[in-house]
Each structure stands twice: as structure tokens, then as C-alpha cells.
Amino acid sequence: MSINRYAMFGEAKKLHLIEEILKIEDAALLAEVETVIAKSKLHAVGRRSFTSFAGMWTKEEADELEKTIAEGCEQIHPDEWK
């Protein structure tokens, strides 16, 4: 029963936050809230959008990473299977 109480508290807290967000009239503050929500979706445990990596590496860095993967990870050594 206590778990259900915590779930209800969480739902009430969400509703309270929604009410507070609806009261925001400052566009800049609303943009900040939107940014926080967007970032929380990207960094949720076990989840991250691949688009968040876009533009992190130069073409040269990406090419180097691909080469490293090809050389180190995609090679099958027949003797290692014995």
C-alpha cells in the first residue's frame, strides 16, 4: 500500500508542476523549462538519442574511429576459436 501512496504523491507533484508551468508568462523562462525537459529525455538511464552525438566529432575523428573499429573489432583470427 505504501508504494501506491508514493505513486500518488508523484502524480500529484507532476500535476502541481504542470499548473506552475501553465502560469509562466516569461518566454525566456519557458524556454529554460523546455530545455530542462528536453535534456532530461536525452539523459534518462539507459537511453540517449544518437542525434545528441551529431557534430561532436570532425570528419577526421569519425574516420579515425571507423578505422580503429575496423582494425580492432572486425577482424576474426581463426586461431582464437580453438
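Trainee: Which residue forms a salt bridge with Lys59?

Mentor: This is a predicted model, where local features need pLDDT of at least 70, side-chain atom pairs count only at pLDDT 80 or more, and totals for chains, interfaces and linings use all residues. Residues are numbered from 1 along each chain as its sequence is written, and side-chain values use heavy atoms, with hydrogens and water left out. A salt bridge here is a side-chain nitrogen of Lys or Arg within 4 Å of a carboxyl oxygen of Asp or Glu. Four residues along from Lys59 in helix 3, about one turn, and with closest N and O atoms 3.1 Å apart, sits Asp63.

Trainee: Is Lys59 buried or exposed?

Mentor: Buried is under 20% relative accessible area, exposed over 50%, and partly exposed in between (1.4 Å probe, protein chains only). Lys59 has 58%, so Lys59 is exposed.

Trainee: How many buried residues does helix 3 have?

Mentor: Helices are DSSP runs (H or I, at least four residues), numbered from the N terminus. Helix 3 covers residues 59–72. Helix 3 is hardly covered, and among its 14 residues the buried count is zero.

Trainee: What separates Glu11 and Lys14 in helix 1?

Mentor: Their side chains meet in a salt bridge, 3.3 Å from N to O. An α-helix has 3.6 residues a turn, so residues three or four places apart point the same way. Glu11 and Lys14 are three residues apart, so what separates them is about one helical turn.

Technical notes. Helix = DSSP H or I, 4+ residues; strand = E, 2+ residues; numbered from the N terminus. Expected span 1.5 Å × (residues − 1).
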